[in-house]
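Open the model in your viewer and keep the sequence panel beside it. This tour tells you what to select next and what is there.

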Amino acid sequence: ADRRDEQARRRDTAARLASQVEGLRSALAASREEVDRLEVARAEAVARSAKARSDFQSLEAGVGGLSAGEQDLDAEHTAAQEAVERARADLDAAVERERRLERERAAASSRVEALTLALGRPDATATLLADPAHASALRGTLASSLVIEPGAQTAVAATLGEVADAAVAVDVAHAADLLAGAASAQLGRAVLLVADGPDARPQPTLPSAAWPQLPSGLRYLVETVSSPPALHDPLREVLGPAVAVSDLAQARALVDELSDIVAVTPDGTILARHVGVGGPAGGSRVEIQAEIEQARERGSQADRDLEEARFARVGLAARLEEATHRLDMALSALHDSDAELAAVAERLGHLGHDMRSAEAESDRLAASAEALRRRIADETERLAALEAQTEAAQEAVAEALLPPTAGDDSEPDRL
């Protein structure tokens with residue numbers, strides 16, 4: 001039984017190896033056929049590439065120079081295109097400037113609204129101004145009656161102190177009645193500046209003749225303010241001999257020279273012989289009113305600039321239209337000149353594509369064939385080894401079929 005089992009095992013091994021050999025031989029035959037097919041296909045691709053290259057070179061050589069005036073047409077087209085680009089860039093810049101000015105105008109308008117709300121903040125003075133019953137006794141806020149030179153607003157407001165938030169009363173009698181009413185109604189602290197005459201348009205305010213003569217280049221602070229003549233004396237009284245100076249060093253030198261004056265810097269720092277006041281200030285009605293006027297001026301300037309920008313934009317749009325027409329004409333002429341070359345250029349493009357495509361296909365097929373040859377070489381070696389194993393297995397089967405020698409009970413050799 002053991003001998004028969006061994007014979008069966010050897011037959012199975014030999015049969016399996018023989019099957020593998022046949023399969024590998026079939027695969028190698030198919031691979032060799034595929035290599036032949038790839039070589040044929042590659043030869044066809046090389047032929048197509050050579051044909052396309054020859055046709056391309058012949059067609060390229062047959063294209064002469066450009067027709068007469070072609071270079072001038074190219075130059076005109078380039079110049080027209082550059083003109084369009086410049087015109088478009090200028091128009092875009094004008095549109096952007098217009099938008100920026102619109103934003104500036106809107107910002108100025110918003111600033112005026114916000115400052116106007118701040119100007120109407122509730123206090124005793126504002127309450128008196130808002131009461132229609134006091135319309136005949138008051139002429140509005142002091143801030144609305146003053147025109148202050150740019151840069152002097154903070155100095156004037158600091159020198160005025162709480163009077164900067166005052167309302168203007170028509171006379172002393174009405175002022176006394178208003179203050180009494182505010183106290184009776186517990187409105188808080190009201191501030192009034194009493195006018196000295198009828199209302200009128202603002203005029204420059206002159207310093208008092210009794211004040212000291214100032215060094216050259218300096219002015220009294222009151223000279224930076226224009227107001228109705230009825231407020232000139234009240235302002236001279238409230239502001240006093242305050243002098244506008246550039247900084248504290250100049251303030252100190254002036255106070256040392258003229259002990260009766262008060263020096264005020266642009267940021268509202270006050271220096272006198274016996275008093276000094278400095279630090280952050282702001283928020284008075286005089287300063288808010290000045291900011292309102294500045295915001296309004298910015299808005300008005302933005303309006304003027306916006307009108308100018310819109311006018312410029314219209315001109316630039318017309319310029320772009322003209323440049324675009326010139327470009328269209330140049331392009332049309334160039335197309336007419338290039339009509340005779342269009343078919344040639346298209347054909348050259350196709351031939352170039354065919355040539356590159358055929359070359360790429362040839363390279364791909366050559367690579368595939370080479371890879372397949374390497375695989376065939378490997379498989380051939382494997383086939384030789386497998387054939388050797390199969391031959392050995394078949395010999396082992398034949399040996400196992402021989403009758404055993406008398407007296408030999410040993411097992412057949414195993415593979």
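## Stop 1: helix 5

Six of the eight residues of helix 5 are buried, so this helix is largely enclosed by the rest of the structure. Buried means under 20% relative accessible area, exposed means over 50%, and partly exposed lies in between (1.4 Å probe, protein chains only). Helices (H or I, at least four residues) and strands (E, at least two) are DSSP runs, numbered from the N terminus.

A word on the source before you click further. This is a predicted model: local features need pLDDT of at least 70, side-chain atom pairs count only at pLDDT 80 or more, and totals for chains, interfaces and linings use all residues. Residues are numbered from 1 along each chain as its sequence is written, and side-chain values use heavy atoms, with hydrogens and water left out.

Now select Q153, A155, V156, A157, T159 and L160: these are the buried residues in helix 5.

## Stop 2

Axes are lines fitted to C-alpha atoms, for helices over the stretch in contact; angles run from 0 to 180 degrees between N-to-C directions.

Show side chains here. V156, T159 and L160 in helix 5 meet L235, V238 and L239 in helix 7. Contact means heavy atoms within 4.5 Å. By class, this contact has five nonpolar, one polar and no charged residues. Ala, Val, Leu, Ile, Met, Phe, Trp, Tyr, Cys and Pro count as nonpolar; Asp, Glu, Lys and Arg as charged; the others, Gly among them, as polar.

Stay on helix 7. Its buried residues are H232, P234, L235, R236 and L239. What covers them? The cover includes helix 5, strand 4, strand 5 (203-204), strand 7 (225-227) and strand 8 (242-244). Just after helix 7, G240 takes a positive phi of about 65 degrees.

## Stop 3

Find the open sheet of three strands, with the order 1-3-4 and mixed pairing. Its edge strands are strand 1 (138-141) and strand 4 (192-194), each pairing on one side only. Two strands pair if DSSP finds at least two bridges between them. Neighbouring strands of this sheet are turned by 25 degrees against each other on average, direction ignored.

Zoom in on strand 1 and strand 3 (residues 167-169): they run antiparallel, joined by two bridges. L138 stands opposite A169 in strand 3. Helix 6 (residues 172-184) packs on the sheet and touches strand 1, strand 3 and strand 4. The direction of helix 6 makes about 165 degrees with that of strand 4.

## Stop 3: two single residues

Select Q186, in the loop between helix 6 and strand 4. Its phi is near 55 degrees, a positive value in a residue other than glycine. Buried or exposed? At 73% relative accessibility, Q186 counts as exposed.

Finish at A93 in helix 2 (residues 70-119). At 46% relative accessibility, A93 counts as partly exposed. The C-alpha atoms of A93 and R313 are separated by 9.1 Å, though these residues are 220 apart along the chain.
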